Amino acid sequence: MMMKVASPKKVASITEKVWQRVYGNYGSTSQYHHHHHQRRCSYESEDEYEEDDGTIQLMQIGAERTKNVLILMSDTGGGHRASAEAIRDAFRIEFGDEYRIYVKDVWKEYTGWPLNNMERSYKFMVKHVQLWKVAFHSTSPRWIHSSYLAAIAAYYAKEVEAGLMEYKPDIIISVHPLMQHIPLWVLKWQGLQKKVIFVTVITDLNTCHPTWFHPGVNRCYCPSKEVAKRALYDGLEESQIQVFGLPIRPSFARAVLCKDDLRKELEMDPDLPAVLLMGGGEGMGPVKKTAKALGESLYDKDQEKPIGQLIIICGRNKSLASTLESEGWKIPVKVRGFETQMEKWMGACDCIITKAGPGTIAEALIRGLPIVLNDYIPGQEKGNVPYVVDNGAGVFTRSPKETARIVAEWFSTKTDELKRMSENALKLAQPEAVFDIVKDIHDLACQRGPLANIPYVITSSFTDLI
């Protein structure tokens, strides 16, 4: 419905300037009339604009406006970016162009030290693992990390505000433990808490740093019941918490794979059981020693033939890949660098050896792979070990020889144990987690009133008046 009212020329010229400023970034009104998604939510908020004859028209806005989603992440480990990109892809699959997604490291792009140096600092401390252990546990008490973050917020508030406001988000999603407190303070200072939905997606399976939990979020998505208990303990309400699982990229989670076809495509032995040895994105860990031990244990000396095959993922470690390729293997071995199609390699194998990174664990569970965990980062990854072991989906050992022995037994005398662990892994898997998360965020957006559709300039003006 549309209504016209008379408007004096003087008032009309002021109105015109204001509304041009407000809608200058949204382009022509034609973009508001694209096709509705079947789950699209709508509001009945009104906007006025001036016609050539000096009248002001009142009409609906916002129902079809593309909403901005800002995902806050940091490359402190590969899991945060992977989760952010999984959420981005799931939004696009479920809702098309209803949402415009930005994946950003606002700290790196807009602030100074120490926030813009987190990635480098984290990598240094993880290489000197005791440093990270001290840092993780010493900042766990609330009074320590709250004071630290408050000091940083006071110093970089304007920079963080500029970074957030550039994208004019309707929804902010944090996938990093240090990206709750300061953005929420900025929203409070700007009076935008009722307009902007803020949610946290926790990317640690069990052991979590307390900075993940902030009572000001609209929703906290926990990957496990263990994490949900920690959230309640740290002051969140049950209504704020949802347990869906760890977000895994849709191309992996919904891939329909046939092991025989994959082995043919990847030029693997069609009959021998296969173990996947992961070195992580940087090819770190005891990969070389473990690979050599497997080369021995998976070769039957009595019958002079292999009982299994080995796939080694070296990541970006080209030196490691070159060294392993030059080895004289007695079993079928494939050495790979950084892989972007891990769903295929996991789908073609029968078990996996990896450190206790949450993303790799979640992917292995989806593929039903029994897991040999051979290391973990103190703090956030320590709890992933009992998560896997206590649920009967794998074992833990740091010894390359013990690892090789376990795999050899799984491929020969303990095939029943391998099968049982595979079944347990599938029970623990949550392949639809990322879709459950984005659908719930969409539902939160639909529950917002007309204020959510009022542009940022007007919202800020209302706040100033109040």
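This is a predicted model: local features need pLDDT of at least 70, side-chain atom pairs count only at pLDDT 80 or more; totals for chains, interfaces and linings use all residues.
Strand β4, residues 67-72, pairs with β5 in the parallel sense over 6 bridges. Within this pairing, L70 stands opposite Y102 in β5. Strands here are DSSP runs of E covering at least two residues, numbered from the N terminus, and two of them pair if DSSP finds at least two bridges between them.

Residues are numbered from 1 along each chain as its sequence is written, and side-chain values use heavy atoms, with hydrogens and water left out.

Both strands belong to an open sheet of 6 strands, in the order β5-β4-β6-β7-β8-β9, with parallel pairing. At the edges stand β5 (99-104) and β9 (241-243); each has a single partner strand, so one side of each lacks a neighbour in the sheet. From one strand to the next, the twist averages 20°, taking axes as lines fitted to C-alpha atoms and angles from 0 to 180 degrees between N-to-C directions.

I turn now to the cysteines. How many disulfides are there? The count is 0, where a disulfide is a pair of cysteine sulfur atoms within 2.5 Å. For C208, the nearest cysteine sulfur is that of C222, 7.4 Å away, and C208 is in no disulfide. The closest cysteine sulfur to that of C220 is also in C222, at 4.0 Å, which is too far for a bond.

Are C208 and C220 buried or exposed? C208 counts as buried because its relative accessibility is 9%, and C220 is buried, with a relative accessible area of 1%. Buried means under 20% relative accessible area, exposed over 50%, and partly exposed in between, using a 1.4 Å probe and protein chains only.

Key. Helices (H or I, at least four residues) and strands (E, at least two) are DSSP runs, numbered from the N terminus.
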